[in-house]
Amino acid sequence: MWSRTWKALQRAAKQSMEPGKPMEPVQVFHFEGKEALKKWEVFSDADYGGRSQVAWEWTDGRGGGDARFHGHLRLDVDEKSRLTRSGFCGIRSLPPSSGYLPMEACNVVTFRVFGDGRRYIASLRTDNWIAPPGAPPDLWQAVLDPPPGTWHTVRLPLDVFLLTWKGRLVDTLETLPDNRVVSVGIAAACEADVAEPGPFALRLAAIGAERDLSLL
């Protein structure tokens, strides 16, 4: 299941590899200290009986420091767990107290990160205005593949984000509504034919959004 979704996300990413010309950048999240991490939450398969480990911490260093999403992915589960698959960890921003994230009219999301050689999954959650009250937001996902061992700004056009539901692709003609984004997330996952279990560590400095006229 995850392998089919992963391959589809990779195909979508390859269709939008041209760098383009960024305009009107917006700072959505800037990780300047420990307080910035409080606007996020962590999750993993351990919440449901898996055995992966995850941490979301501030690391002091040159230039002031940065946020660090790290842990260890495992495929095994507890004996009493109802999980059919394991091996995932993630972080996601808490929804704003009112309104949406400042991404309206933007068509690119930027991630300033320090990679470790793993491919990650970036996600955007959007408010579904036709769903009944209390329904979860829609989840859109894309491959986040930063080069290892260096700081790099990864630019992901919104059109590479695919709508998913519980790990499965949703067959839809709907496009991601940039004016109803309520959360940004990053996940690490492993599966036999996708990525190996083991340690991971992704450092983050900022997440932004911009309008690229060449993509219109």
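This is a predicted model: local features need pLDDT of at least 70, side-chain atom pairs count only at pLDDT 80 or more; totals for chains, interfaces and linings use all residues.
I started with Arg 155, which sits in strand S9, residues 151–157.

Then I asked myself: which side chains does the side chain of Arg 155 touch through polar contacts? One of them is the side chain of Glu 210, at 2.7 Å. I also found a polar contact of 3.1 Å between the side chains of Arg 155 and Asp 212.

Buried or exposed, I wondered about Glu 210? Glu 210 counts as buried because its relative accessibility is 8%.

I also looked at how Arg 155 and Glu 210 sit along the chain: they are 55 residues apart, and their C-alpha atoms are separated by 9.3 Å.

I traced an open sheet of seven strands, with antiparallel pairing, in the order S2-S5-S12-S7-S8-S10-S11. Its edge strands are S2 (40–44) and S11 (168–169), and each of these pairs on one side only. I jotted down a reminder that strands of a sheet pair through backbone hydrogen bonds, either parallel or antiparallel.

Last, I zoomed in on one pair from that sheet. How many bridges join strand S7 to strand S8? I got seven, with S7 (residues 120–126) and S8 (residues 138–144) running antiparallel. For Tyr 120, I found the bridge partner in S8 to be Leu 144.

Key: Residues are numbered from 1 along each chain as its sequence is written. Side-chain values use heavy atoms; hydrogens and water are left out. Buried means under 20% relative accessible area, exposed over 50%, partly exposed in between (1.4 Å probe, protein chains only). Two strands pair if DSSP finds at least two bridges between them. Helices (H or I, at least four residues) and strands (E, at least two) are DSSP runs, numbered from the N terminus. A polar contact is a pair of N or O atoms within 3.5 Å; within protein, one must be able to donate a hydrogen and the other to accept it, and residues adjacent in sequence count only if both atoms are side-chain atoms.
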